[in-house]
Amino acid sequence: MDFTVLTIFPEMFDLFWQHGIIVKAAAKGQLRAGVFNIRDFARDKHQVTDDRPYGGGSGMVMKPEPLAEAIRSARLQSPKSRTVLLSPQGRTLDQKQAQAFASSEGLILICGRYEGIDERINQSFIDEEISIGDYVLMGGELAAMVLMEAVARLIPGVLGNEDSAQTDSFAGNLLEHPHFTRPPVFEGEAVPEVLRSGNHKAIDQWRLEMSLIRTFLKRPDLLKAKRLSRQDIDILKKWCHDIENIIEAQSSSDTDSLSGSG
Ligand code: 4HQ
């Protein structure tokens with residue numbers, strides 16, 4: 001993987017490049033990361049990167065010439081990389097998109113500031129527009145870091161624990177089961193007995209049930225999109241039966257409860 005960031009605030013990435021997952025991947029030779037300061041590509045004396053918008057209005061627009069020069073340099077260095085603009089107008093980043101980026105050769109990430117970049121850059125230089133969510137940031141830098149972190153951890157061999165990227169939330173369209181560590185009782189709350197039983201089959205079953213119920217309650221959209229396994233279906237059907245039994249027990253023992261206050 002080859003990450004090249006284009007920004008007028010390269011120092012925003014100083015700590016990020018020292019971050020665990022990036023350092024690990026770079027040390028293993030699976031990642032090359034670099035940053036270009038767009039200002040270095042401005043040809044005028046004051047190295048101006050922004051200008052007033054045609055048509056008037058408030059705010060500034062990023063000038064096309066320094067951006068174009070910066071993108072051309074980045075492409076010379078990383079000819080196989082795709083050029084991605086971080087923008088609220090892009091397709092929203094999700095785990096599937098992160099997977100697709102992780103198996104690509106590399107990304108040139110354009111971070112806009114102010115009101116955005118001159119539209120002609122968008123038309124002729126950008127392969128893909130990506131948003132990290134429906135809210136407004138001051139610039140694309142944090143969005144670029146979010147994207148890079150989501151992608152870097154999926155590069156094969158980067159995470160120490162090979163299956164943790166696979167069992168994570170979203171990997172199988174299911175939220176994760178709850179996690180517990182010591183102590184066994186914390187402020188009166190005990191760890192579920194099954195997790196301390198040593199019965200790994202029962203633990204796996206419990207975790208799958210918890211994943212399914214959490215996804216149903218918190219993110220039914222994910223459950224709808226999931227291809228259910230035989231085991232998933234059996235668990236969901238068991239709940240349906242359990243709920244039906246509760247309702248039937250109520251209506252046969254106490255019919256009044258259905259017909260209001262009386
Ligand atoms: N911005 N996802 C404005 C974003 C954003 C987002 C980036 C704000 C670019 C010029 N980027 N600039 N949301 O809000 O990616």
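1. Asp2, Thr4 and Leu6 point one way from strand S1, and Phe3, Val5 and Thr7 point the other way. Every one of these residues is buried, meaning under 20% relative accessible area, where exposed is over 50% and partly exposed lies in between (1.4 Å probe, protein chains only). In a regular strand, side chains alternate between the two faces of the sheet.

2. This is a predicted model, in which local features need pLDDT of at least 70, side-chain atom pairs count only at pLDDT 80 or more, and totals for chains, interfaces and linings use all residues. Residues are numbered from 1 along each chain as its sequence is written, and side-chain values use heavy atoms, with hydrogens and water left out.

3. Strands (E, at least two residues) and helices (H or I, at least four) are DSSP runs, numbered from the N terminus.

4. S1 runs parallel to strand S2 (residues 32–37), with 6 bridges joining them. S1 also pairs in the parallel sense with strand S6 (residues 106–111), over 5 bridges; two strands pair if DSSP finds at least two bridges between them. Valine 5 stands opposite valine 35 in S2 and opposite leucine 109 in S6.

5. Helix H2 (residues 20–27) has Ile21, Ile22 and Ala25 buried. These residues lie on the same side of H2 because they cover an arc of only 100 degrees around the axis, taken from the directions from the helix axis to the C-beta atoms.

6. Helix H1 (14–17) and helix H6 (141–152) are among what covers the buried residues of H2. After H2 comes glycine 29, with a positive phi near 75 degrees.

How values were computed: Contact means heavy atoms within 4.5 Å.
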